[in-house]
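Subject: Structure handover and notes

Hello,

Here is the structure for your files. My notes follow below it.

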Amino acid sequence: MNNFKQYSKKSYEQIDGNTLHGRIRKRRIDKQIYVGDMHKLLGVSYSQYIKIENGEYQLHHMDKLIRLCEILDIAPEEIYTPYQIFIMNNQGKQIKAYRKANGLTQTELAERLFVHRKTVSKWENNTCQMPFEKWEKINGVC
């Protein structure tokens, strides 16, 4: 633990390093970056960054996640959520495999997810990222 002004040794040790937001906070402190600087480096609002460190908000945009890893000098695998891993590991192939395994056409899957068939096609061709909310509906299956 360094002498970063804001944290005593006791409060630093109380940060839960087993959670994503705890690992992010500890790494920021270790790198001696203030929250006021961190949010600017990351390109998010101050309040949004506070929510990230408090576990109240998850970044879903890959460009921001990559930037966060660069700033904190950590491997992406240490902070990515299952949704982000899904996106990075060829979402289209996974969606298509899920659809075929369940005997669904693109139209039928689209109807279940309340989107247009062309949207499913774009997801399967990796030309459009499946939104988190839609991924949640089929989470654990793909």
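Apart from residues up to four places away in sequence, Phe132 touches His60 and Tyr83, where contact means heavy atoms within 4.5 Å. This is a predicted model, in which local features need pLDDT of at least 70 and side-chain atom pairs count only at pLDDT 80 or more, while totals for chains, interfaces and linings use all residues. Residues are numbered from 1 along each chain as its sequence is written, and side-chain values use heavy atoms, with hydrogens and water left out.

Aromatic pairs

Phe132 lies in helix 10. Helices here are DSSP runs (H or I, at least four residues), numbered from the N terminus. Rings of Phe, Tyr and Trp (its six-membered ring) pair if their centres lie within 6.5 Å; planes under 30 degrees apart count as stacked, over 60 as edge-to-face and the rest as tilted. The count by this rule is four aromatic pairs. One of them is edge-to-face, because the ring centres of Tyr83 and Phe132 are 5.2 Å apart and the planes stand at 85°. Tyr83 belongs to helix 6 (residues 82-88) and Phe132 to helix 10 (residues 132-138), so this pair links distant parts of the chain, 49 residues apart.

Phe86 and Trp135 make a tilted pair, with 6.2 Å centre to centre and 40° between the planes. Since Phe86 is in helix 6 and Trp135 in helix 10, this pair also ties together parts 49 residues apart in sequence. Ring pairs join Tyr83, Phe86, Phe132 and Trp135 into a cluster.

Phe86 is buried at 4%, and Trp135 is buried with a relative accessible area of 7%.

In helix 2 (residues 20-30), the residues Gly22, Ile24, Arg25, Arg28 and Ile29 are buried. Viewed down the axis of helix 2, they fall within an arc of 160° and so line one face of the helix; the arc is that of the directions from the helix axis to the C-beta atoms. They pack against helix 1 (9-13), helix 3 (35-42), helix 4 (46-53) and helix 5 (62-72). Gln32, which follows helix 2, has a positive phi near 55°.

Helix 3 has Val35, Met38, His39 and Leu42 as its buried residues. Their arc, seen down the axis of helix 3, is within 95°, so they too line one face of their helix. Their cover includes helix 2, helix 4 and helix 5.

Helices 8 and 9

The axes of helix 8 (residues 106-113) and helix 9 (residues 117-124) come within 8 Å and cross at roughly 105°. Axes are lines fitted to C-alpha atoms, for helices over the stretch in contact, and angles run from 0 to 180 degrees between N-to-C directions. Helix 8 and helix 9 are therefore roughly perpendicular to each other, a label that covers 65 to 115 degrees. Gln106, Thr107, Leu109, Ala110 and Leu113 of helix 8 make the contact with Arg117, Val120, Ser121, Trp123 and Glu124 of helix 9.

Regards

Note on methods: Helices (H or I, at least four residues) and strands (E, at least two) are DSSP runs, numbered from the N terminus. Buried means under 20% relative accessible area, exposed over 50%, partly exposed in between (1.4 Å probe, protein chains only). Angles under 35 degrees count as roughly parallel, over 145 as roughly antiparallel, 65 to 115 as roughly perpendicular and the rest as oblique.
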